[in-house]
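Have the structure open while you read.

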Amino acid sequence: MQLGASCALLGLLFLTAFDSSECLQMVVRPDSGSKVTISALLLDQCAVCTVSGVNDTLTSCHPSLHLVPKEEVKLLFNCSQPIEQAFTVTIARTIECTKDTCSPTTVETQPSILAEFSRTFTWELNAPKNTLVGLAILGDGLMETSQPCPDGSQYSLTTSKTSTKYCRGGSETRLEAPSGAVVSLQVKPNFESVLFQTSAYPLKGPTIAVTVDSSTTVVVSRDPGEPDCEVCSVDGSARDCSPTEKTVTNVENLSLEFSCLKPQDVYSVTMKKKIECTQSSCTPAAGRIDPDNFKDFKRSVTWDISVPQRTVLTLDFPGGLKEISGAEKCQDGHQYSVSTTKSEGNIKTTSYCQGGTVSHHLNLPGATTVTAEVPKGSEVDSFTVKAAPRGGRMMSVMPDPDTIIIISRVTSEPDCSVCMNKEPDQICKPTRLTLTSNTSVEFTCPQPQDVFTVEINREIDCTEVSCSGNIVQAESLLFPDFNRTFTWDLKVVSTRAFQLDFPEPGMRQIPDEETCPDEHTYSIIAYLRTGPAIIGTFCKGGTVTTILARYRGRIALQVPGDRKLDPVDFKLKVGPETSMVAILKVNLPRGVSDTDFITANYPGEFPDNQQMQWDFTVPGMHNYTVHFRDHTDPECLSSEVEVEYQEGSKKVTKLTLADSQPQHAQGNFNMVLRNCETNKTLQGLTLNYRVSVMRSGHPVLCAVDLTQHPGVSLQIERVGSDPFCEMSVNSKIEKKISVAAGTQASLSFLDCPNEDVRLTASKVIECQDRTSCSATQLTVPKMVSCLPMPLQSFTWHLRIPQDSTVDLVSPTGSLKRSLPGQECNQSVSLHVAEGDGFPVGDFCFNGMIQKVQVHANVSVTAAVPDFSKIRKPFLNVSISQEITETIINRVSPVASSPNLLATPNWPLGMRPSSTVSWIVTVPSQYEAHVHFVNISQPKCKDRHTSITVKMLGDEEELMSRREDEQAEDKLMVPRSFYLNMSNCIPEERGFGAMTNIVLQKKSYLLPILLGLAGALLLLLTVLAVVCFIIKKKKRDKMAKEASIYIGKGNIFRPSDAHFSKARSDNESHVYDSIDEGRIYGHLLPDSSYADSMPDHFDSGPVDTYNTFTGPTDPGLPVIKEPDYEPELDGFKMFLDPSESFLPPRPRTPISRQDSLGFEDRRMLDNALYTFKSTGDMNTIRLSGVDMEPQPPIILEDSL
């Protein structure tokens, strides 16, 4: 484009295209030999124009412009952006050199040309072959860098291989480069001039001295495509040069001269070393090289390690190695490759990088080659080499009869062979060995289980009725650490099937690609005329209980080497005749389940013209659905593919694969799949289907409302093993249901037998203030009738104030604690524990315990076979004042049997720092024999245990025993007493005791015998004198005394056991009638007294004695006196009178003056037996029996 205009006019034209523009006009004349190129960076906004013609009327604009050397030209720059940033200027020159000089000798950057722009100066070096060009920097030195220079001036030296950048301000003042190199300088606008001095000289590379031993060969070779460079070996005056390769071996300080400046960029070095090994050592023992030899070169070092047969090498790399694939490269350039020649001649090569943790030690089975690729300037890490006889394994193999063992190689690594017999008859096989008899087996590697698998095969022939041989070994000792496959080849009569019965829980069919959880995988194969058919692959724990297969088959069990053999103990027998390929009998589980099944050979094709059957047993109250998950329809050449269903004896239903299969059906059923003759060129028949089972029963619903029963809560828990019992509360399924007190809940039970569910209930009885606590009875409220299961137990939680005591009394009068030798045989059991669950004991009714007092919160759990039959309360509960003991038991032993007492939580120990007491009531005619049957003493950490026995009312202790003291284990207590036991804070063991109390009657034989002996002696002394006095006294007494009839009461003295009969039963003093008028008539002045007598006394006197028939009362009253109990003033640890069982009453024994055994002396001289004086009573004893001391009158509340 040519326009005639000035800068202003041109600017106006650009202004029409851009919002604003800048222009610059200058005259430029490039130096000779300089190539100047100006380029616009923004092609659509900037242009450089040449201005010529008369009055600068001709303008030619271009995006890029090349200027002609030594030709002056006027340039016009115009751009919408700042001009100094919109254009680049490149000024290129060539430095021509001979072998010893260059032109120009001084190079200047020509600062005046286009100084307003950023410029790039380039100098291309052109010199003869093997000539090096030097550039001396005049001024500031240079320093190598990879970043932009801060002052904007960037130097670079580029060769065919490298490119190096420099900045000013360094120490490098000379650059050297071969012919073809380019030196460039980038500067900012108005940069000052830079000067170089050039020189040329022949190219001569470095000389290195090398020493190589006889076991090493070094090859220095030029890499293809690199510049020419000779390498010469100088030995004295002899000089041997080669432009491509030099081989050196067995030399010392040999000089190698290179004709290039940097031979390390042109040449690479290959080193080969040899290591000879015996079975025990290697020479040299390490793989290393001289670190100074060719250090700046890229090196490839190879060690050839030779070993004898059956020798293993161990290479130890201290820094470790990391294995990589063949295509990978090591980041640091250090790469190792290890090649091993195996026994069969194959070579395996593995690559490694430095610094890994995988392979510190390499164990190699034979001759090995190690190659290390070492980058420039790096050192080669050494490694150690050790040789040893190759470790192998030898074992004796003794197969069972009719058993074949096949050892097969499954991996190519490591190198290993299996050998049979011993030298010199040893036979080795690298891949497979078959054993049929007892022999020795040797493996040539230490870990043969990683290389070989073992198959243990047995053939079993069956007759028409039975099979021979044990199909399953309980445990095999052959090759336990190898991957093993146990196979059994089965054969029966051609028309029959072999039958496999599996124990519970059966087998589960899986696809071939899956593995069993226990890694015991079973496969069953049937051999048909058309070839083998895989019936299926199975694991333990499934629904398949029986498998029948026709004629011939194989069972295979695969077990990995790290698993102990644990086979299924299935049974083999001869099955019935069948036309099926196989019959599977399946027991579908209860509950919701999905079970998958596949056809033979799946995912392969089911055999043509064959059929397979599944017999399903469906649990009651369940529905089943059959769903075909995946199937393929073959092209049938004859007949059709059919699926037949039959339920029991019902009619057979025939369906196709495309039909809808049974849904929500009930009952057991059989399914038969029948194939047709298929087109072999197309996809055959396959089927994968699922049988789903779900419950068809209805849940038991129950609405529980505990708002009417304060404090009562329910707990329902599954305790059976039935996994299909489903309990839910408020529509949420739970394994344990708790209905809190005062709440309502909707419960549901589905398929839950009563024996699998436990129902318990509890009630909280709480009292805040003892004064307001009223006595209560422990009764079970009427439970919800809709609950299907019976109540197992009911627990009352009694919560009392801290200063109170819980009193437990049996409504039947007494309790009995269940102990060994004193077990409860009743249906009602009461478990009493403290509030935190610490046991007090198990109790039932009708024993010797009158009351149990516990100074703590108490829980009472009642267990009864049928709570609905219990109408009476279990216990009476009251709250009394605080006691100092933890537990107090009031007991009344019985004389007919042993009475056992035991500490709480027997036979385990008492609670630490607790106290238990028993108040034992002993009848007055008995004495208690206390026997400490079993005492377990702890090792106390603090305080001591204590066992104390003291009679009630006495201060003196009959026994006091600590854990560190020896004391008698038997004790006789003559009357009521208390027994106290206290625990320490034990360090080891627990404190517990069992005590037996036996009641025995008191004996009076000795006092009676002594009294009789004394009386007899006295009688013999005064017999003569007394006889006369007795006769006279007798006559006087017979004239004065009369019998007296007492119509009421019983003539006896309390606790006098010397009379076998009461007065009402003794007839020795009973008269028919008494005529007082005849006896006392001479004393009565008034004769009217006789007239007042009844008529039956009017008869005449008789001289015979008529028996007295007794009073008209129906019977004489009998007074039963309570047993004697002493005062308890000295014992302050037990209950107040208000806390006793019965209201207090005084004991009223008959006093001496009221007894018929005594007579008042005031009446002796009076014929009518009236008192002759009013003085004090003076009694004489009439009875001849010694009397016992009379007890004081004692109230029960004093206890």
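In this predicted model, Arg690 and Asp596 bring their side chains together in a salt bridge, 2.6 Å from N to O. That pair links distant parts of the chain: Arg690 sits in strand S57 (residues 686-695) and Asp596 in strand S49 (residues 593-598), 94 residues apart.

A search of the whole structure turns up 32 salt bridges. Here are some of them:

| Salt bridge | N to O distance |
|---|---|
| Arg690 and Asp596 | 2.6 Å |
| Asp265 and Lys376 | 2.8 Å |
| Arg975 and Asp954 | 2.9 Å |

Arg975 lies in the loop between strands S81 (970-973) and S82 (977-982), and Asp954 in the loop between S79 (946-951) and S80 (957-962), so this pair ties together parts 21 residues apart in sequence. There's a network too: salt bridges that share partners join Arg590, Arg695, Glu726 and Asp751.

Why do such pairs turn up? Side chains of opposite charge can pair when their charged atoms come close.

Now for the patch. Leu1016, Leu1019, Leu1020 and Leu1023 form a nonpolar patch on the surface, with about 400 Å² of accessible area together. Helix H2 (residues 1005-1021) gives the largest share, 3 residues. Leu1023 is found in helix H3 (residues 1023-1040), and it's partly exposed, with a relative accessible area of 42%.

Conventions:
Residues numbered from 1 in each chain as written. Predicted model: local features only at pLDDT ≥ 70, side-chain atom pairs only at ≥ 80, totals over all residues. Heavy atoms only, no water. Patch = residues over 30% accessible without salt bridge, like charges linked within 9 Å, V, L, I, M, F, W, Y side chains within 5 Å. Areas by Shrake-Rupley, 256 points an atom, 1.4 Å probe, with all protein chains shown as cover. Salt bridge = Lys/Arg side-chain N within 4 Å of Asp/Glu carboxyl O. Helix = DSSP H or I, 4+ residues; strand = E, 2+ residues; numbered from the N terminus. Buried < 20%, exposed > 50% of the residue type's maximum accessible area, 1.4 Å probe, protein only.
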